[in-house]
Amino acid sequence: MFMIGPIGFVAPMLLLGLIALPILWILLRAVPPAPVRRRFPGVALLLGLTDDESQSDRTPWWLLLLRLLAIAAVIIGFAGPTLNPQQARDGRGDLVIALDGTWAGAPDWQAKIDRVSALLTEAAASERRVAVVTLTGLPLAEPLPFAAPNAWQERLANLQPQPWQPVAAAPYFVDQGDFETYWISDGLDYPGRDDLLAAFEAAGNVTVFQTPRQVTGLRPARFEDGEVRVSAARTPVGAPSETTVTAIGLDPAGVERALATVPLMFEAGQQVAEATLDLPPELRNRITRFELTGTRSAAAVSLGDDALRRREVALIAGRDDREGLELLSQLFYLREALEPTADLIDGNLEDVLLANPDVIILADVAILTDIEAQGIADWVDQGGLLLRFAGPRLAASDVGRRAEDPLLPVRLREGGRSVGGAMSWGEPKALAPFAPDTPFFGLTIPDDVTVTSQVMAQPDPTLADRVIAQLADGTPLVTRKFSGDGQVVLVHVTANAEWSSLPLSGLFVQMLERLAVSTRPATPDATELEGTTWQPQELLDAYGRLQDGRDLAGVAGEVLAAGMTGPQLQPGLYAERDRQIAVNVIGPDTVLTAAQWPARIAVEGMDVLRATALKGWLLTAALALLLVDLIASMAVGGRLRGPRADVAAAVLLAFFIAPDAQAQATEDFAIQATSEVVLAHVLTGDPEVDEVTAAGLLGLSQTLFRRTSIEPAAPMGVNIETDELAFFPFLYWPITADQPLPSREAYGKLNRYLRSGGMILFDTRDADTARFGSGSPEGARLQAIARSLDIPPLEPIPADHVLTRTFYLLQDFPGRHASRDVWVEAAPVDAVQIEGVPFRNLNDGVTPVVIGGNDWARAWAVTSNGGPMFPVGRGTAGERQREIALRFGVNLIMHVLTGNYKSDQVHVPDLLDRLGQ
Amino acid sequence: MTTPLTLRSQAETLAAHLPPLLAEAEHLASTVLLGEHGRRRAGTGDTFWQYRPAQNHDAARSIDWRRSARSDARFVQDKEWQIAQSIILWVDQGASMGFASDDHATKGDRARTLAMALAVLLIRGGERVGLTGLRLPPRRGSLQLQQMAQILSENATTDHGSPDATGMLPHSRALFVSDFLGNIDGVRDALHRAADRGVKGALLQVLDPQEEAFPFDGRTIFQSMTGSVQHETLRARDLKSRYLDRLAARKDELAQLARLTGWQFHTHLTGQSATQALLWLYGALERRR
């Protein structure tokens with residue numbers, strides 16, 4: 001190839017054409033431009049005038065230069081210039097380009113594809129047949145798909161890495177004939193790689209392409225001692241590095257977000273890094289997966305399964321018939337303690353057993369029927385945790401007196417004991433520190449936890465082993481025995497505060513947590529999985545993205561038990577009935593090893609200087625030059641006048657300036673909406689309603705301007721689909737029966753608007769014919785629209801609501817109709833009545849919505865000359881109603897703009913009073 | 001385009017803008033516009049002009065006894081001199097008047113509109129208006145306007161027309177509208193003959209802005225509107241200054257000619273407002289009556 005500097009030419013002979021340029025110069029110079037014919041009445045005055053210079057017909061030199069440049073660009077362009085042309089690899093015969101195609105290669109997959117593309121270009125130059133395969137996605141049924149390199153270029157985009165490693169790929173390449181192999185490696189060792197190498201070497205030369213880069217994999221998180229432990233492995237082991245693990249889950253609103261992050265430090269020379277996440281149980285229960293931040297790979301994601309789920313706890317009390325006295329209920333403190341961290345199940349024992357909860361709590365239940373007892377015993381044997389609390393009934397019963405009850409960890413003495421009461425000796429007993437081998441070890445015991453009554457355990461040879469908490473005098477407080485896979489735990493005091501102050505303390509919660517945490521469901525083992533079919537729920541792709549897997553066929557439990565990821569078992573979340581198992585790329589013990597190549601194998605890097613063909617650029621430049629020449633020669637020839645000049649200018653401008661009209665419009669809207677206070681209404685699409693609403697807001701704006709210090713600009717109509725809402729403090733939304741529902745984006749915008757302190761006044765305009773919620777078409781539409789809005793609980797405007805006194809003192813809120821059904825956000829139940837006003841701080845005390853049907857806009861509406869647009873009522877009473885409607889509008893806008901300031905004003909008399917003293 | 005009907009309506013529209021010369025009217029209104037033309041001097045007429053002391057030559061019956069009875073002297077009531085004037089118009093209908101550049105009106109349209117507007121004003125003012133030649137002698141009335149519009153709408157086939165000096169009443173007024181780019185001999189001849197008969201008037205040269213600016217460049221072949229005359233140049237820009245010189249010389253010649261014969265000369269560009277030209281015309285015909 002002919003080279004000039006870094007540029008090579010495919011057809012250098014064409015460059016000889018450049019010699020012709022000077023000849024062209026002379027030729028072009030000699031030819032004058034074609035004349036323009038022009039009608040001109042003044043020609044009579046021109047007759048006899050001759051041209052001054054004989055040279056005037058020559059084309060100007062700069063125009064000539066322009067044309068010559070264009071022609072030179074064409075000549076050079078067709079000569080096929082190439083920047084950084086590739087020196088072809090010498091090689092003959094068939095070529096196989098094999099990519100590992102594992103998750104480890106996902107982060108720089110594009111670079112690999114680029115490299116393959118470059119290799120294909122070389123192969124095309126030497127006319128070799130090529131087959132490109134990924135070792136994770138071999139076409140096992142067919143022979144190697146040899147084809148022309150250019151055909152492969154088009155199919156490269158279809159190659160994708162897979163979230164598993166090659167499985168038994170070597171036999172495929174045996175007996176496929178002789179070929180040379182380019183192996184694009186992900187740099188990670190995996191089982192069977194040596195066999196592959198042997199198979200390739202048997203067929204011909206092998207060249208390996210790989211870049212040394214660090215591969216990091218996140219191992220599944222485990223729970224230990226109430227903490228989440230996350231760990232990650234890396235290869236190659238080297239300098240210390242730091243990465244971050246993010247725990248991701250659904251927030252209470254159902255939106256996926258990062259719940260916690262923890263830094264993960266790889267020490268120098270260490271392959272594994274570990275960190276602990278100490279999270280409140282509420283947060284911990286929400287985690288669905290962990291991710292290594294900044295890495296796009298399946299190994300950077302670790303899905304959580306049942307092990308991360310909330311436990312199901314069934315609560316059963318002995319006495320349900322007791323009325324009132326909630327604080328004395330056996331289950332009150334248990335509910336309070338467990339509610340945030342567990343799913344509570346209520347019901348009678350038989351139903352509860354069918355639900356197969358993780359924990360059953362029996363609070364002072366003494367008598368169980370034989371069937372119930374048998375059911376519980378079976379359930380405990382299968383891994384359930386039975387937690388029993390003592391109480392008067394248990395103490396009074398004969399359960400566990402003579403022989404050990406299977407559902408009690410110890411035999412009980414008759415009657416129990418009381419200490420520290422009015423009729424007994426001694427002080428109330430405190431708790432002894434927890435022994436190291438008990439699940440409670442490490443919990444600190446508050447001083448004020450005392451026990452006044454308890455049931456007593458019968459001394460027994462096994463008793464010492466079964467006590468896991470005891471009082472200061474050595475009597476057991478909590479006993480436990482294992483039964484089958486499960487356990488039975490007895491707390492020797494009541495679950496309420498009758499016998500001890502334990503349920504009142506934080507220790508109670510911590511003890512419950514320790515007990516319940518230690519019974520998290522374990523991953524099912526192989527025997528349990530046998531014969532089951534697991535349906536993929538969400539599958540991981542090689543880049544670590546989750547994809548819906550519900551339309552794929554189920555996976556047999558045996559495959560799942562083997563845990564070997566591959567085409568048959570893609571990493572992801574699998575479910576059977578209500579159980580879930582996560583299959584992750586990296587197991588708890590996976591060790592990552594870098595691929596080692598024998599010395600005889602040539603290893604090349606990934607970097608490639610791309611050969612850039614300049615032909616297209618040059619031809620484009622030639623075209624552009626010719627366009628400029630077109631305009632320039634028109635200008636020189638005097639034809640660039642009038643509309644043509646405009647067109648030419650537009651063409652030139654279009655080259656340089658991209659129109660930005662849309663942004664300009666948005667900006668204008670923003671400036672208009674924010675330069676002054678603007679009342680806005682939602683455009684319904686019904687022109688009449690929109691016009692009336694605009695007139696109504698104009699009337700209200702004028703009233704505000706006249707009477708108050710609020711001086712709004714002209715109201716604006718807002719399209720909730722396209723316009724930004726955040727600029728407006730107040731939106732008036734008239735509901736029409738045929739209004740389209742907002743789109744999902746619009747709903748998002750509206751909810752943001754409501755949460756950030758905006759107010760929407762919904763007006764169904766039907767109070768004359770319908771009562772609130774009585775199913776008028778507008779009412780039904782409002783319900784449909786509001787279903788997806790974040791609207792708090794509502795109540796009719798109470799007589800002491802701040803809306804009744806923000807500017808005027810009002811009792812009614814009429815519009816054109818005078819219904820009293822106007823609803824605002826309900827005061828919280830615990831709102832303190834200060835001076836008769838529920839005092840709240842949410843959203844600055846502004847209700848986010850006001851809903852009614854009084855058709856306020858029509859009452860406010862003014863015509864262009866300032867008179868009212870619609871009649872209201874009859875005579876003086878009607879005018880009074882209009883006045884009250886306007887006052888309601890004034891109050892409303894005051895309320896929106898001043899927030900809780902006005903509701904604070906009700907304290908002014910008190911404050912003045914105090915200042916006076 | 002230029003049907004009699006549209007021409008008439010255009011002219012009426014233009015004339016309507018001058019609610020009989022209200023623009024500069026206040027001091028002229030009573031005399032210039034209403035009824036017969038007052039001459040601002042005593043003469044025969046209907047309206048009162050002044051009382052003057054009776055002279056010897058005044059007949060006794062011309063003495064105003066009612067006025068004289070209030071004093072010792074005798075007074076004669078003078079009437080204002082009122083007389084209707086004849087105005088003859090000539091509008092060049094040659095093909096060169098059909099030229100228009102950009103989105104301006106053609107020169108011919110502008111010339112006809114101006115002439116018709118003037119005619120409308122004059123007839124409203126009680127004058128008699130006609131065309132040169134013998135086809136439409138000066139008369140009054142709206143029928144005259146219709147006929148005039150009819151005749152003005154015709155187009156000639158030659159490049160340039162030349163004024164017909166026949167049919168001019170002695171001591172009447174005349175208005176010639178043309179671009180005056182063609183042979184000037186016809187104009188000179190007509191003006192001399194008009195001057196011979198004591199006819200005074202105005203020359204209005206209507207030009208297109210391009211004809212004044214000559215914004216051409218490059219190799220160009222200029223053709224007259226009928227294509228009968230053409231001139232080729234290789235660099236039109238070089239011709240500009242010489243063309244403009246010649247145009248100025250032509251205007252000078254016309255102005256000189258007008259001065260000699262006591263006429264008024266004005267150049268109007270179609271890019272300018274027509275009202276402006278109409279005002280000038282009105283003034284020019286008014287001034288030296």
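Two strands are said to pair if DSSP finds at least two bridges between them, and helices (H or I, at least four residues) and strands (E, at least two) are themselves DSSP runs, numbered from the N terminus. In chain A, strand S20 (residues 385-389) is joined in this way to strand S27 by 5 bridges, and the two run parallel. The structure is a predicted model, in which local features need pLDDT of at least 70, side-chain atom pairs count only at pLDDT 80 or more, and totals for chains, interfaces and linings use all residues. Residues are numbered from 1 along each chain as its sequence is written, while chains are lettered from A and ligands numbered from 1 in the order in which they are written.

**The two chains**

- The secondary structure of chain A comes to 25 helices and 43 strands, and that of chain B comes to 9 helices and 9 strands.
- A residue is called buried if 20 or more other C-beta atoms lie within 10 Å of its own, exposed if 12 or fewer do, and partly exposed in between, with C-beta atoms placed from the backbone.
- By that count, 35% of the 917 residues of chain A are buried, and for the 289 residues of chain B the figure is 40%.
- Two residues are in contact if their C-beta atoms, placed from the backbone, lie within 7 Å.
- Among contacts in chain A between residues at least 6 apart in sequence, 75% join residues at least 24 apart, and in chain B residues 24 or more positions apart account for 76% of the contacts with a separation of 6 or more.

**Where chain A meets chain B**

- On chain A, 26 residues are in contact with 33 residues of chain B, and the elements that give two or more residues to this side of chain A are strand S3 (36-39) and helix H2 (43-46).
- Residues are classed as nonpolar (Ala, Val, Leu, Ile, Met, Phe, Trp, Tyr, Cys and Pro), charged (Asp, Glu, Lys and Arg) or polar (the others, Gly among them), and the side of chain A that touches chain B has 13 nonpolar, 5 polar and 8 charged residues.

- Strand S27 (residues 486-491) of chain A is mostly covered, with 5 of its 6 residues buried.

**An open sheet in chain A**

- Four strands form an open sheet in the order S13-S12-S15-S16 (chain A), with antiparallel pairing.
- Its edge strands are S13 (256-266) and S16 (301-303) of chain A, each of which pairs on one side only, and the twist averages 20° from one strand to the next.
- Strand S12 (residues 241-250) of chain A is joined to S13(A) by 10 bridges in the antiparallel sense, and Ile248(A) stands opposite Ala258(A) in S13(A).

**Helices of chain A**

- The axes of helix H19 (residues 687-707) and helix H23 (residues 875-898) of chain A come within 10 Å and cross at roughly 75°, where axes are lines fitted to C-alpha atoms, for helices over the stretch in contact, and angles run from 0 to 180 degrees between N-to-C directions.
- H19(A) and H23(A) are therefore roughly perpendicular to each other, a term that covers angles of 65 to 115 degrees.
- This contact is made by Leu700(A), Thr703(A), Leu704(A) and Arg707(A) of H19(A) and by Leu886(A), Gly889(A), Val890(A) and Ile893(A) of H23(A), and these residues divide into 5 nonpolar, 2 polar and 1 charged.
- In helix H3 (residues 61-78) of chain A, the 18 residues should span 26 Å at 1.5 Å a residue, which agrees with the 26 Å between its end C-alpha atoms; the expected span is 1.5 Å times one less than the number of residues.
- Arg67(A), Ala73(A), Ile76(A) and Gly77(A) are buried in H3(A), and the helix is followed by Gly80(A), whose phi is positive, near 70°.

Key. Parallel < 35°, antiparallel > 145°, perpendicular 65-115°, else oblique.
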